[in-house]
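Biologist: I would like a close look at a single part of this protein. Please take your time over the answer and link that part to the rest.

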Amino acid sequence: MCNIPREGFVQVAARSNSDSTDHVEFEVAADALQRRELFVGRSITTTTTSSGTGDSAVVRVLRTGSTRFAGVVRRDGNGRPLENATVQIVNGPTTRTNANGEFFFDNAPAGTRLLDVRAVGFYPQRTTVNVLDDAPAFSASLRTFRSVLDTVKVLANYERFSLLKEFQQRVRSGVGRYITEEMIARRNPVMVSELFWIIPGVYVERGGGLDQEISMRGIFSPRCSPALFLNGFPLQMPDMGGVPLSAAELDAVVRPKDLLGVEIYTQGQVPAQFGAGMTGCGAIAFWTK
């Protein structure tokens with residue numbers, strides 16, 4: 001490929017008949033010829049649609065296959081294995097690492113894919129991998145937040161009983177939508193963002209880049225970024241100059257097993273305690289145990 005912009009990034013994909021690679025990102029060199037190899041492999045595509053009609057229905061595409069893909073996740077610096085890290089082939093199967101930091105896929109889609117590796121307290125890593133029958137084991141090293149942050153002391157007075165009582169009062173009010181601790185346990189999601197797949201009016205879909213974005217119906221637009229709150233504190237305020245959190249960033253901040261409940265309000269429903277979320281696009285509040 002010639003005449004592409006230099007000193008930047010491009011997304012590339014390869015397709016042959018019904019088989020294709022993921023869209024992978026490459027950095028373009030300023031003054032050199034580059035070689036990149038893409039492997040087109042077979043995959044089984046399954047499309048599921050959540051309950052709902054029209055704009056409220058969410059379509060999810062899942063790619064699987066029959067290729068075995070394995071690897072290990074370690075802590076950057078000391079090389080110690082990282083247990084219970086989440087490993088996902090983007091738009092494909094998900095697994096977790098064992099006590100030795102190892103993970104295994106028996107149903108991976110073949111070809112050049114994107115692999116997400118995440119763990120609480122560590123920076124997430126997205127890597128291009130070649131899922132092939134004879135591929136060597138993949139190895140990832142995650143950097144802990146401690147490696148770049150100074151010591152931070154946090155003083156807080158967190159009353160779980162009080163928060164639970166207030167949350168239950170708002171559930172009984174009938175205003176907004178709620179995901180309770182019992183509902184989360186029944187769904188047993190791997191990622192927090194999976195809770196929104198079947199919520200009418202809330203969307204988790206790919207935006208302009210590789211990351212998936214969380215959006216809602218707005219007053220002045222069919223899609224907008226809601227204000228997000230964690231334990232009463234704003235995570236980001238997109239309509240007031242903040243950068244919207246992607247679904248992957250939210251998943252790195254909050255784990256499903258830590259959730260006490262989730263409150264979802266469209267514009268016009270936002271209660272006073274989330275008044276900062278009255279920006280024309282509603283609010284989503286997460287409460288942890």
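Biologist: What does Asn84 count as by its relative accessibility, and why?

Modeller: A word of caution before anything else: this is a predicted model. Now to your residue. Asn84 counts as partly exposed, because its relative accessibility is 38%. Partly exposed covers the range between buried, under 20%, and exposed, over 50%.

Asn84 sits in the loop that links strand E7 (67–75) to E8. Check its backbone too. Asn84 is not a glycine, yet its phi is positive, near 65 degrees.

Asn91 lies in the loop between E8 and E9. Asn91 also has a positive phi, about 60 degrees, and is not a glycine. Its relative accessible area is 29%, so Asn91 is partly exposed.

Now look at the strands beside these loops. Strand E8 covers residues 86–89 and pairs with E9 in the antiparallel sense. That pairing runs over 3 bridges. Find Thr86: its bridge partner in E9 is Arg96.

Step back to see the sheet. It is an open sheet of 4 strands, in the order E9-E8-E11-E12, with antiparallel pairing. Its edge strands are E9 (94–96) and E12 (125–131), and each of them pairs on one side only. Ignoring direction, neighbouring strands here are turned by 25 degrees against each other on average.

What about the start of the chain? Phe9 is found in strand E1. With a relative accessibility of 56%, Phe9 counts as exposed, because exposed means over 50%. Phe9 and Glu27 are 18 residues apart along the chain, but their C-alpha atoms are separated by 4.4 Å.

Strand E1 also takes us to a pocket. The second largest pocket has a volume of about 550 Å³. It is lined by 20 residues, and those closest to its centre are Met1, Ile4, Val28, Leu33 and Gln34. Two elements give two or more residues to this lining: strand E1 (9–12) and strand E4 (24–27). E1 gives the most, with 3 residues. Sorted by class, the lining of the second largest pocket has 12 nonpolar, 5 charged and 3 polar residues.

Last, turn to a part of the chain with higher residue numbers. There you find members of the largest nonpolar core, which has 23 residues. Phe196, Val262, Ile264, Ile284 and Phe286 have the most contacts inside this core. Among the elements that each supply at least two core residues are helix H3 (247–253), strand E17 (227–230) and strand E20 (283–288). Strand E19 provides the largest share, 3 residues.

Zoom in on E17. In a regular strand, side chains alternate between the two faces of the sheet. Ala227 and Phe229 are on one side of E17, and Leu228 and Leu230 are on the other. All of these are buried, so both faces of E17 are covered, buried meaning under 20% relative accessible area. E17 and E20 run parallel and are joined by 4 bridges. Across that pairing, Phe229 stands opposite Ala285 in E20.

To return to your question: Asn84 is partly exposed at 38%, and its place is a loop between E7 and E8.

Notes: Residues numbered from 1 in each chain as written. Predicted model: local features only at pLDDT ≥ 70, side-chain atom pairs only at ≥ 80, totals over all residues. Heavy atoms only, no water. 1 Å grid on protein atoms, 1.4 Å probe; cavity = no way out; pocket = protein on both sides within 12 Å on 5 of 7 lines; lining within 4 Å. Points joined across faces, edges and corners; volume = space filled by probe spheres on them. Nonpolar A, V, L, I, M, F, W, Y, C, P; charged D, E, K, R; others polar. Pairing = 2+ DSSP bridges. Axes fitted to C-alpha atoms, helices over the stretch in contact; angles between N-to-C directions. Buried < 20%, exposed > 50% of the residue type's maximum accessible area, 1.4 Å probe, protein only. Core = buried A, V, L, I, M, F, W, Y, C linked by side-chain atoms within 4.5 Å.
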